[in-house]
Amino acid sequence: MKKILLRFLFLSILFSPKLKAQDLDSLLNMSAFTAESDLQKQLNTKSTVASGKALTTRETPGILSVITSDEIQRMGARDIVDVLRTVPGFDIAQDVQFVTGVSFRGNWANEGKVLFLIDGQQINDLLYQGVPLLNNFPIDGIAKIEIIRGPGSAIYGGSAEYAVVNITTKQASDLNGVSAYGTLGVHSSGIGRQNGGVMIAQNGKNFSWDLGAFAGKSFVSDQSNYADPFIGYNPSDLKNSTTANPTHFNLGLRTKGLSFRGMYNGYRTTDPIEFMSNDNYSADLKYEAKINDKLAITPQLVYMNQVPWAWGTTADNSDSLRVRATRWMGNVVLNYNLSRKVNINGGVVYFQDEASDLLNQGYFGDEKYHLYNKAVFAQALIKHRLANVTFGARYETNNRAGDAFVPRLALTKKIENFHFKLLYSQAFRTPGIENQHLAINGKVVPEKSSVGEIEVGYQFTPEMLLSVNAFYIKTENVITYLNTAEGSFYNNYSLSGTSGLELVYSIRQKKWNANVNYSFNQANPNSTVDIYFVPQTKSQFAGLASNKLVIQANYLLTKKLSLNATLISIGKRYAYTGLDSNNNPEATELPSYTLVNTFLNYKDLVKGLTVGLGVYDLLDEKPVIPQAYNGGYAPIPGRSREFVIKLSYQLNFKN
Amino acid sequence: MKKIIIISFLVSCSSIIANAQTTNYKVYSLFILNIARFSSWPESESKEFKIAVLGKSKIYEELVKSAEGKSINEAKIIVTQVESANEAMDAHIIFVADGKSSALTELKQATEEKPIMIIAEREGLFKKGAAMSFVILDNSSLRFDLNSKELEKRKIKISKNLRDVANTTI
């Protein structure tokens, strides 16, 4: 349609006998580029997640994946894990006690290495900086997930060493109405998942507000008669003895430049003998002061009040650890467009963390535990004819961990259908409260990574894009969790990291679209973190695969009915699965597996009502979730084939 | 690691061989024809209005298509592609393709004070002697920047309407 209009405009201007001034005005509305295909529309959507100035996916100074609500709905994702598994480089592994966390590019990345944000609020907890993933997050309430597949420390600080997952909910973006959604997951053993949520948002000229709630109930696995050989408890039916139950409340208020957001993120998970729970509140107040067309200054005040990773035994519901952690944070960010071609972004950050033992057992001695942190960061973006140049740095100092300084340099350019990115960043992880408190030698210093990335991409046709990137990650002073007979500790190890390759191919036609991606990584064989290795190989780390292939296809059967198929093939892994005859941990090979998921989605069955039906793990592979280090837990048995029913309804307010 | 670098290199090479464009030169050509229509040159006896494209560019094909059978003030529009300034000394407009941007200084000297309007594809060249140069705004719309002194020197006049739609004027 756009093409036809353009042609009409072109011809009418060209052949008009007498030219008028408005013909010139018409010219001003014409794009310098050919009409966008659906794929180009997606690629040309601008993002500020990796820069101070909005740039398209192919020009932004980071390797970016963007997943839209439409894609989430069509694939019928049950939780964030289903989405992350389709993104190059991402997978999940077990931490301890059936708690699952993220791995990235072949590295265990649960604690402080991947920053998760929902509507701008940090989800990583204050004690360990981890995020439990299984059945977590209101996936059907998400408008967009922007993932920087690379370091984000220069902008985002000490929890974004390897990647950033930036989630924007519908209520905080484009919803102007009421939306409700629910998911039911059924296994041969019974109901395995019941999630539901509701959102309401009203966007006014002077005042906007939004409110959302989400709760879920699920088991971690439905294997019967299971006992962890490391722990040695009595065999248990996991569908009854395990849970992964999230709760989420979200409130937003906006008037002109002033905005407030308050959030609660609760999560409770259990293995057969122990529970772990998060009760995390956060709130932020910020004001975007637009001084003039070029300059915006945004002061922000953040308060977090959490009881993260409280754990104890399920039999008597008694607590073993219950700590309250709070953070007061103030920051001021400046965004200045020096010219149309030059943007400067920078700011100062101060926060103080405090932890206190709610069980009054003297966990922190006689006093409360404090961390004080100051940071200053700045980066400039210069859009030059030859390339966009981004350079910047962050300096941070912490009262216990010491200093960290990380520079960043990026060259990106899109030349017609070709684009390239050359990226070099240093990034760091600031030790969280428990990382520092449990330091085996009294102190851990910030972990630091040097990451080099190169991406090239080409759009062969308006509907087709191929991009390939290679990366090299060298991590030093690796903050490592040690689960020993004497207790839990943290220590700095000198070296770890991986290198690898990611390939993404997308094709988007009117009736169908497909995405194929392949990820490969190999461990740095000189890594000194011995618990990351298994005896069988030096080329991949424990619990994590070197190869992943994802094929996703979606076909529009009718205007309203779509069929989605996802194939996720994970290469062989090695993990600690039991004890040998001498009672030492023994690693074994876990064979490769393929997850096949299908989902049928019917939009607007009646206006606003969407119904979806799907099968997850069609082949009933039940892939186990191993621990990503030698840490005294056997792999979590996988869930069996799951039949999923999804319902969502949206009623829009009249404008 | 070596393997990875080789594969990346091969993919990038195969990418460069592929041929596809997204710049809409039809819109560029439309701008040029309208700039011609809203401008006036010192009187001459020529019955042809000549537009020369300096360097290889897809705009040449678009201009040929768009100008076919058309005229400017009753002078037939003739579009040519040239490789050097010397071949375009009788043109009314010389469009400098992006790849020939480095030839602008030489072109300016060769056509000094002649009634030739130099329009450059590359952004910013209006400051370096082109009468106009194109600029793509953040919303992807096309505009031109204007060097009115350069036009005055060459005794080319443009209408107020055209002047008003310039992005920047010096």
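How many bridges join strand β23 (residues 388-398) of chain A to strand β24 (residues 402-415) of chain A? The answer is 11, and the two strands run antiparallel. The close-ups below start there. This is a predicted model, where local features need pLDDT of at least 70, side-chain atom pairs count only at pLDDT 80 or more, and totals for chains, interfaces and linings use all residues. Residues are numbered from 1 along each chain as its sequence is written, chains are lettered from A and ligands numbered from 1 in the order in which they are written, and side-chain values use heavy atoms, with hydrogens and water left out.

**View 1. Two hairpins in chain A share strand β24(A).** Strands here are DSSP runs of E with at least two residues, helices are runs of H or I with at least four, and both are numbered from the N terminus. Two strands count as paired if DSSP finds at least two bridges between them. β23(A) and β24(A) make a hairpin with three residues between them, and Gly392(A) sits opposite Arg408(A) in β24(A). β24(A) also pairs with strand β25 (residues 418-429) of chain A, antiparallel again, over eight bridges. Look for Ala410(A), which faces Leu423(A) in β25(A).

**View 2. A salt bridge joins Glu447(A) and Arg429(A).** A salt bridge means a side-chain nitrogen of Lys or Arg within 4 Å of a carboxyl oxygen of Asp or Glu. For this pair the closest N and O atoms are 3.3 Å apart. Glu447(A) lies in strand β26 (residues 447-461) of chain A and Arg429(A) in strand β25 of chain A, so the pair ties together parts that are 18 residues apart in sequence. Are the two residues buried or exposed? Glu447(A) is buried, at 0% relative accessible area, and Arg429(A) is buried too, at 1%. (Buried means under 20% relative accessible area, exposed over 50%, and partly exposed in between, with a 1.4 Å probe and protein chains only.)

**View 3. Other charged partners turn up in chain A.** Asp91(A) forms a salt bridge with Arg85(A), with 3.6 Å between the closest N and O atoms, and both residues are buried. A network of salt bridges links Arg78(A), Asp79(A), Asp82(A), Arg193(A), Arg639(A) and Glu642(A). Over all chains, the structure holds 35 salt bridges.

**View 4. An open sheet of five strands in chain A runs in the order β3-β9-β10-β7-β8.** The pairing is mixed. At the edges stand β3 (64-68) and β8 (121-122) of chain A, each pairing on one side only. β3(A) joins strand β9 (residues 142-148) of chain A through five bridges in the antiparallel sense, with Val66(A) opposite Glu146(A) in β9(A).

**View 5. Asn110(A) sits in the loop between β6 (107-108) and β7 (114-118) of chain A.** Asn110(A) is buried, with a relative accessible area of 5%. Leaving out residues up to four places away in sequence, Asn110(A) touches Asp95(A), Gly101(A), Val102(A), Gln129(A), Gly130(A) and Val131(A). Touching, or contact, means heavy atoms within 4.5 Å.

**View 6. Chain B has an open sheet of seven strands, in the order β3-β4-β2-β5-β6-β7-β8.** Its pairing is mixed. β3 (71-72) and β8 (142-146) of chain B are the edge strands, each with a single partner, so one side of each has no neighbour in the sheet. Inside the sheet, strand β2 (residues 48-54) of chain B and strand β5 (residues 93-96) of chain B run parallel, joined by four bridges. Leu54(B) has Val96(B) as its bridge partner in β5(B). Helix α3 (residues 59-67) of chain B packs on the sheet and touches β2, β4 and β5 of chain B. In all, chain B has six helices and nine strands, and 52% of its 170 residues count as buried.

**View 7. Asp90(B) and Lys50(B) meet through their side chains in a salt bridge.** The N to O distance is 2.5 Å. Asp90(B) lies in the loop between β4 and β5 of chain B and Lys50(B) in strand β2 of chain B, so the pair ties together parts that are 40 residues apart in sequence. Asp90(B) is partly exposed at 46% relative accessible area, and Lys50(B) is partly exposed at 23%.

Technical notes. Axes fitted to C-alpha atoms, helices over the stretch in contact; angles between N-to-C directions.
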